[in-house]
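Please place the sequence and the three-dimensional view side by side before reading on.

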Amino acid sequence: MIPDIGYIALVLAFGVSIYAAFSAWYGNRSGQIRWVESGRNATVIVLPLVALSAGMLILSILRNDYSVEYVWRVSSRDMPTYLKVTALWGGQAGSLLFWNFLMASFAAMVMARKWRKNLNLMPYVIIVISMTQVFFLGISAFIENPFVRLAMIPLDGNGLNPLLRHPGMIIHPPMLYLGFTGFVIPYAFAMAALISGQLDDRWIRNTRRWTLVAWLFLSLGLILGGRWAYDVLGWGGYWAWDPVENASLMPWLAGTAFLHSVMIQEKRDMFKMWNIFLVVMTYCLVILGTFVVRSGVISSVHSFAQSAIGPFFFAFIVIMFAFSAYWMTKRREALSSKNQLSSFLSREAAFLYNNFIILAILAVVFLFTYYPIFSELVTGEKGFVGAPVYEQALAPLFAALLLLMGVAPLTMWYRTSIQRLQKATVWPALAALVITVALVVLGMRYWAAMLGVWIVTFSLLLTLMEFWKGIHARMKRGEPAWTALANLMARNRRRYGGYWIHLGVLVMAFGIIGTELYQQQTQMHIMSGQSITLGDYEMVFNGARRYAGPDDLMVTEADVDVFLNGRLVATLAPQSELYTRTGQPMTIPDARSTITEDFYVILVNWEPTSANEATFRIYLNPLINWVWAGGLIFVFGTLVASWPDRKQEEVLEARRERVALGVVGD
Amino acid sequence: MRKLASITIFVVILLGLSVGFVLAQSDGTEAPVVREVSDDEVNDVAQELYCPVCENTPLDVCGTQACADWRELIRTKLAQGETAQDVYAYFARQYGDRVLAQPPRQGINLILWLFPIVAVVLGLVFFGRYLQNLRAESAGTAVESGGGTAVPPQPPAPDDYAARIEQELRKK
């Protein structure tokens, strides 16, 4: 009964989406506003329908209704309640339903918030969003139906994939899905602007915050994914250039390029076509990424969510590409803004440099990610690109981007004199050099590290100086420093939010330089009482024990003492887990974490037959916590930049309201 | 999951056979154990290889039994005096080039090294030209299409940030 309700709601949502697209199209064509309004109402109604469907699936999982195949596949009786709820996105069919729920939420929110101000864009927005929903809901209802029944009802379920039971993994997919689905909004508005021919920057103003929020969730998804990998996968790192990681990195990169270049259009009314192109590309990369994750065309560590939806996705992608390309070509003329550049040293030029570097990174990641397919087409053998190849190719590009990040904010619109730039950069450049030399004296040897540290320090100083300039100006007027900073940020959210994001990236960059270039590791088989030495650390193995965890989990836990320069600093308990039902092993490392480095221990092997012997792998990860700290700063900055500025908003709102009322009435 | 398990079993059997084969060969001819090989040496070699059966996992960190056996195979080979290069060649022969973290720099794989360089260089050339055009246009000179609007050079923007803050404060 409950699964039936869920399925009926899902099919209804599918039908309602078709209706929404149709009535918006018809209303717009015939000029009958009530049809468009009906399309809007239909778009809003999709949300409760999909929510009901997802709710019924969760209820089925909670009720241990193993007549539903999906429930049997992702849950079991002994799973705790919170895991049963999150099992909604623990497999292909459920996560698609969840995806639909998130997309419907975004769609309903847009309908509620943006209706009156953009009446003439809305029919097209409804059509684009609804067509996307028709596709995804259709997949959910007819191909990856989560409510499919089993002929015989099993007594217990399979249980959730152990990899997905970690708290980090519970929130990592929703964050990414929010990021992915969120980009449908700017895409729909961009397409609406294209189709309706209203190519002023209204679509950009209307979607700026949505884009930022989608981008924030994508960033959060990436950061949490890295953290999860570090905490659970037990290989001492956080980013492996896995195809699925890249699939979410690529739209993030395109979105980053867009968030920068859009400022040129806002300020100088240039590069309209380019901005539309970037939004379209971002969204295409989102759909392509989803396709890669879910179809299994490229093998990846994320292959637990694969199925035969490939061909449908592929068709959808082709249609979407063609649709977007058609309208971009058609509006070519109208979009050809009078692009001008007064100087190579100007803010607008700096944004273009930013776009160039980011797109170069994107192109390389794209080629490498899809290289297996590409090489198979050409040679018949699937090629493979490992992390070292990515790192060689991308390190110089990222270095250039970090350098630009420091210098670009010094430029002004139209033109900046070279003297001015020199004056502003010479001291930070020297200071960064002094710091680098000091580190070399202290023993830094790799030239890559020297260059990296210099660039990052230089950009960091420049960014901090931007803060200082603003604070100083306010302090001269008698404001205390902290008030000055707060006011500065409150009044210029985008600017200072952006600078905070830059600070976050630079702090992360220090962490990445530290872990990439100075990671140390060793592995050894030792007896209890014996020790392993790595760097200034010594680790003594005290013993190990094995016990049954919750579920079908068998935990082996070692007890080790960590000494730093002879002083006991931590007692760690690295674990190796085994899910006996599926035979899946998991390695849960333990770490002594400080601001300068992590001492990260993995229990590689321990057999009860030789209870007093074990194999450990130890990593020394310098500055790894800077990566996470930088991530937090980054998120804070994005929040500052996207936080609604109520005062300013009200003024704009009132003005737009008057315009809207004057033009269309209500 | 079951698929992975069956692959694992299959691979283990294959490995057992091949290790046996190697050992059987070794007592006939030579390749005696030359030296002790530490885990670190094994890992140094293994981290340049990817697990042939799991998805995209470096061999040194892979947790499956199959990978543990492969690491033992590496240890055996190193102990018999083979170099890291020999081991890579052996794995590439057995499982294809896709087990190598760095694909061999030959044939179509060269694209992986050439593309980034060529893309950036070509991109810079075109991008530079494009920017040059933009600037020429805005300077009102050398626009080929005679009707190009000659725009006078823009005045420097009054965007001095400190001045703007001053202004904002004065308004209060």
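Predicted model: local features only at pLDDT ≥ 70, side-chain atom pairs only at ≥ 80, totals over all residues.

Residues are numbered from 1 along each chain as its sequence is written, and chains are lettered from A and ligands numbered from 1 in the order in which they are written.

Chain A is assigned domain 1 (1-160), domain 2 (168-337 + 345-413) and domain 3 (520-625); such bounds come from an automatic or database domain assignment. Between the C-alpha centres of domain 2 and domain 3 of chain A the distance is 38 Å.

Helices and strands are named here as DSSP runs (H or I, at least four residues, for helices; E, at least two, for strands), numbered from the N terminus. Two strands pair if DSSP finds at least two bridges between them. In chain A, an open sheet of four strands has the order E1-E10-E9-E8, with antiparallel pairing. Its edge strands are E1 and E8 of chain A, each of which pairs on one side only. On average, neighbouring strands of this sheet are turned by 20° against each other, direction ignored; for such angles, axes are lines fitted to C-alpha atoms, for helices over the stretch in contact, and the angles run from 0 to 180 degrees between N-to-C directions.

The individual pairings can now be followed. E1(A) is joined by eight bridges to strand E10 (residues 613-622) of chain A, and the two run antiparallel. In this pairing, A:Met524 stands opposite A:Phe616 in E10(A). Strand E8 (residues 590-593) and strand E9 (residues 597-605) of chain A pair in the antiparallel sense over four bridges. They form a hairpin with three residues between them, and A:Ser593 is placed opposite A:Asp598 in E9(A).

Another hairpin is made by E4(A) and E5(A), with two residues between the strands; A:Asn565 in the turn has a positive phi of about 50°. Strand E4 (residues 553-564) and strand E5 (residues 567-572) of chain A run antiparallel and are joined by five bridges. Here A:Phe563 faces A:Leu568 in E5(A) as its opposite residue.

What of the helices? A residue is buried if 20 or more other C-beta atoms lie within 10 Å of its own, exposed if 12 or fewer, and partly exposed in between, with C-beta atoms placed from the backbone. The expected span of a helix is 1.5 Å times one less than its number of residues. Helix H5 (residues 92-114) of chain A has 23 residues and reaches 33 Å from its first C-alpha to its last, close to the 33 Å expected. H5(A) is mostly covered, as 18 of its 23 residues are buried.

Helix H20 (residues 624-642) of chain A has 19 residues that should span 27 Å; its end C-alpha atoms are 28 Å apart, which agrees. Among the buried residues of H20(A) are A:Trp626, A:Gly630, A:Phe634 and A:Val640. The cover over its buried residues includes helix H9 (202-233), helix H18 (481-491), helix H19 (493-518), E8, E9 and E10 of chain A.

A:Leu404 lies in helix H15 of chain A and counts as partly exposed because it has 19 C-beta neighbours inside 10 Å. Two residues are in contact if their C-beta atoms, placed from the backbone, lie within 7 Å. Not counting residues up to four places away in sequence, A:Leu404 touches A:Ala350, A:Tyr353, A:Asn354 and A:Ile357. A:Leu578 is found in strand E6 (residues 575-579) of chain A and is likewise partly exposed, because 19 C-beta neighbours lie inside 10 Å. Leaving aside neighbours within four places in sequence, A:Leu578 is in contact with A:Met554 and A:Pro585.

Chain B has six helices and zero strands, and buried residues make up 23% of its 172 residues. The contact between the chains takes 50 residues from chain A and 42 residues from chain B. On the side of chain A that touches chain B, H14(A) gives the most, with 11 residues. By class, that side has 25 nonpolar, 18 polar and seven charged residues, where Ala, Val, Leu, Ile, Met, Phe, Trp, Tyr, Cys and Pro count as nonpolar, Asp, Glu, Lys and Arg as charged, and the others, Gly among them, as polar.
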